[in-house]
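Visitor: I'd like a close look at one part of this model. Could you pick a helix, walk me around it, and then follow its surroundings outward?

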Amino acid sequence: MTADSPSEALALLAGERVDHRFKGLPPDADGLTVAELAAQRRNLFTGGFTTPVLALSAERLEHNLKLMETYAVRHGLAFAPHGKTSMAPQLFQRQIEHGAWGITLAVPHQVRVARAFGTRRVFLANELVDPAALRWISAELDADPGFRLVCYVDSVRGVELMDAALAGAARPLDVVVELAAGDGARTGVRTEAECAAVADAVAAAPTLRLVGVAGYEGEVPGADPERVRAWLRRLVALAVAFDKDGRFDGTDEIVVSAGGSAWFDAVADVFAEIPELSLPVLKLLRSGAYVSHDDGHYRKITPFNRVPEEGALEPAFRLWAQVVSRPSPEQAFVNAGKRDAAYDMHLPFAQVVRRDGVERPATGVEVTGVSDQHAWLRTGPEADLEVGDWLGMGLSHPCTSFDKWQLIPVAEADGTVVDYLRTYF
């Protein structure tokens, strides 16, 4: 099902009933619609929510959305934030309302989610060779003249498989040649000569249309500013060479796309150097983790650390758990673990303790490990921690934080929950 409009689809989402599927929500909210529960503006700490519960800061979320909108405009970039980070259609819509060209996605299921909620432009950052998925996408393109999807190609064999699966399509599928970030990097074509061979294969495939070049600089081996910028200049040079050879004659703009969440400053700098080509250039940035940011990996690597004059992202996640055991002065356990918290890059970070409505820093408290449903805490002599206390923890890596929660409260600074984000992983 594809929505007639994003607002119509999101209105249906607000009518979903709250029940046992959604952990952390108040048990007495069972049977209410999401809209009805949001309208009650319950407090995260006193409104019946159970631990563990993940919350997003309403203020910080809005700050991050505005900051990247401003950044993209300032640097003349179109923006297609990577939706795999959140898989939350409400955030897709807010990103688009904040100026995004469209949404980047990685696999066909994610495209189906986006289409179900009315997304009109999708950048698929993978070569897609699944015949069933290609036929579905072709049907979406044929049925909706306003829908556009751009997809990677990175091999002649892939082009041949795509062309065979799309036989009979009324509209060609727009593709960009993916340039690999280097030998031993992830996907993509390794050399410029191989890129030309893939482009030749696209030209021979009636179901495909070459519209640009793309890649992911985050996979550059030994990535540093010099190496990343050197690879980005290779990508730009590839676009220039393809344009000179007339490879983009069938399109009305040239797509040049890159940009994860670690090097978008380099992307902005190098894309500003793109010379005038025979067609307008869509300089498409795809960073996604910015929307929630984090307290670990992305706090450390964000480009805003290098360009503080451009602003700063704010970590919007906080996972709340309750102390359920205090077996010794040196140890405690809370009731959130691997099922609730990202732990693939860093363990959660103990930040604040709440007791009797009073919040204070989690001094002397450190998360040292996670089991399925517990976090292990090391507590120093200065730690004031009792069974029943709520512990607020920061997380590292947004992509593996969103995916553990199907309905996430969005709370204002005083704890008032003003919305709920539905995710689809």
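This is a predicted model: local features need pLDDT of at least 70, side-chain atom pairs count only at pLDDT 80 or more; totals for chains, interfaces and linings use all residues.

**Helix H8 and what lies around it**

Guide: H8 runs over residues 192–203, which makes 12 residues, and spans 16 Å from its first C-alpha to its last, close to the 16 Å expected at 1.5 Å a residue. Its buried residues are Cys 195, Val 198, Ala 199, Ala 201 and Val 202. They sit on the same side of H8, because the arc they cover around the axis is only 155°. The background is simple: an α-helix has 3.6 residues a turn, so residues three or four places apart point the same way. Ala 193 and Ala 203 are exposed, on the other side of H8.

Zoom in on Cys 195, which belongs to helix H8. Its relative accessibility is 0%, so Cys 195 counts as buried. Leaving out neighbours within four places in sequence, Cys 195 is in contact with Val 177, Leu 179, Val 189, Leu 238 and Phe 242. If you want a distance to check, Cys 195 and Gly 182 are 13 Å apart, C-alpha to C-alpha, and 13 residues apart in sequence.

Now step from the helix to the sheet.

Five bridges pair S8 with strand S9 (residues 281–285) in the parallel sense, and Ala 258 is opposite Leu 285 in S9. Ser 257 is also part of strand S8, which covers residues 254–258. Is Ser 257 buried or exposed? It is buried, since its relative accessible area is 0%. Not counting residues up to four places away in sequence, Ser 257 touches Phe 123, Val 213, Ala 214, Gly 215, Leu 235, Phe 271, Leu 284 and Arg 286.

One of those contacts, Phe 271, leads on to helix H10 (residues 264–271), and Phe 264 of H10 pairs with Tyr 71 of helix H3 (residues 58–74), 193 residues apart. The pair is edge-to-face, with 5.2 Å centre to centre and 70° between the planes.

H3 itself has 17 residues and reaches 25 Å from first C-alpha to last, close to the 24 Å expected at 1.5 Å a residue. Its buried residues are Ala 58, Leu 61, Asn 64, Leu 65, Leu 67, Met 68, Tyr 71 and Ala 72. Just after H3, Gly 76 has a positive phi of about 65°.

While we're on rings, the structure holds 12 aromatic pairs. Another edge-to-face one is Phe 317 with Phe 402, at 4.8 Å centre to centre and 65° between the planes. This pair too links distant parts of the chain, with Phe 317 in strand S10 (residues 317–328) and Phe 402 in helix H12 (residues 399–402), 85 residues apart. Phe 317 counts as buried at 5% relative accessibility, and Phe 402 does at 0%. Phe 45, Trp 320 and Trp 390 make up one aromatic cluster.

Two arginines are worth a click as well. Arg 115 lies over the face of Phe 147, 3.9 Å from the ring centre, and Arg 422 lies over the face of Tyr 424, at 4.8 Å.

Val 352 is opposite Pro 361 in S13. The two strands form a hairpin with two residues between them, and Asp 356 in the turn has a positive phi of about 55°.

Technical notes
Residues are numbered from 1 along each chain as its sequence is written. Side-chain values use heavy atoms; hydrogens and water are left out. Helices (H or I, at least four residues) and strands (E, at least two) are DSSP runs, numbered from the N terminus. Buried means under 20% relative accessible area, exposed over 50%, partly exposed in between (1.4 Å probe, protein chains only). Contact means heavy atoms within 4.5 Å. The expected span of a helix is 1.5 Å times one less than its number of residues. The arc is that of the directions from the helix axis to the C-beta atoms. Rings of Phe, Tyr and Trp (its six-membered ring) pair if their centres lie within 6.5 Å; planes under 30 degrees apart count as stacked, over 60 as edge-to-face and the rest as tilted. A charge sits over a ring if NZ of Lys or CZ of Arg is within 6 Å of the ring centre and within 35 degrees of the ring normal. Two strands pair if DSSP finds at least two bridges between them.
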